[in-house]
Amino acid sequence: MVKFTVHHLGEHTIENMVVSGPFKEIILTMADLFLATYTGDPKEMDYQFALHVIATSQGNGEIIEQTKAPSEGPIQ
C-alpha cells in the first residue's frame, strides 16, 4: 500500500493497483500508459505507479506512507 498526495488532487492510496481517493478516476487514466511501459518488480508496482503519477503532475506531490502487503508487515 502506498499513500501519496498530489497537491491539486489530494491524498490517494494505491494497493495492488487499486486506487482510492477523491479523484481516483483521474489517477486511473494514467494507469494504462504506466502498465504498458512498466518492466520492474511487481512487488514495487504500487510505489512506482505513485511515483509515475507524481512525476506526471510535474513533481507536485509526495509519498506519505508505504507498507508492504499485510502478510509481510511494514517496510523497515
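**Exercise 1. Classify Phe-49 as buried or exposed.**

Solution. The scale comes first: a residue is buried under 20% relative accessible area, exposed over 50%, and partly exposed in between, with a 1.4 Å probe and protein chains only. Phe-49 has 0% relative accessibility, so Phe-49 counts as buried. The model is a predicted one, in which local features need pLDDT of at least 70 and side-chain atom pairs count only at pLDDT 80 or more, while totals for chains, interfaces and linings use all residues. Residues are numbered from 1 along each chain as its sequence is written, and side-chain values use heavy atoms, with hydrogens and water left out.

**Exercise 2. Find the aromatic pairs of the structure and describe each.**

Solution. Step one is the criterion: rings of Phe, Tyr and Trp (its six-membered ring) pair if their centres lie within 6.5 Å, and planes under 30 degrees apart count as stacked, over 60 as edge-to-face and the rest as tilted. Searching the whole structure with this criterion gives two aromatic pairs. In one of them, the ring centres of Phe-34 and Tyr-38 are 5.0 Å apart and the planes stand at 25°, so this pair is stacked. Phe-34 and Tyr-38 are both buried; for Phe-34 the relative accessible area is 6%.

Step two turns to Phe-34 and Phe-49, whose ring centres are 5.1 Å apart with planes at 45°, so this pair is tilted. The pair links distant parts of the chain, since Phe-34 belongs to helix α2 (residues 31-37) and Phe-49 to helix α3 (residues 45-56), 15 residues apart. Here helices (H or I, at least four residues) and strands (E, at least two) are DSSP runs, numbered from the N terminus.

**Exercise 3. Work out how strands β1, β2 and β3 are joined.**

Solution. Two strands pair if DSSP finds at least two bridges between them. β1 and β2 pair in the antiparallel sense over five bridges, and they form a hairpin with three residues between them. β2 and β3 also pair in the antiparallel sense, over three bridges. Their hairpin has two residues between the strands, and Asn-16 in this turn has a positive phi of about 55°. Met-17, in the loop between β2 and β3, has a positive phi of about 65° although it is not a glycine.

Thr-13 of β2 illustrates both pairings: Lys-3 stands opposite Thr-13, and the bridge partner of Thr-13 in β3 is Ser-20.

**Exercise 4. Identify the residues of the largest nonpolar core that touch the most other members.**

Solution. A nonpolar core is a set of buried Ala, Val, Leu, Ile, Met, Phe, Trp, Tyr and Cys residues joined through side-chain atoms within 4.5 Å. The largest one has 17 residues, of which Phe-4, Val-6, Ile-14, Ile-27, Phe-34, Phe-49 and Val-53 touch the most other members. β1, α2 and α3 each supply at least two residues of this core, and α3 gives the most, with five.

Leaving aside neighbours within four places in sequence, its contacts include Ile-14, Ile-27, Ala-50, Val-53 and Ile-63. Ile-63 is in strand β4 and, at 26% relative accessibility, counts as partly exposed.

**Exercise 5. Give the order of helices and strands along the protein chain.**

Solution. The protein chain has three helices and four strands. Read along the sequence, they follow the pattern β-β-β-α-α-α-β. Of the 76 residues in the protein chain, 32% are buried.

Key:
Contact means heavy atoms within 4.5 Å.
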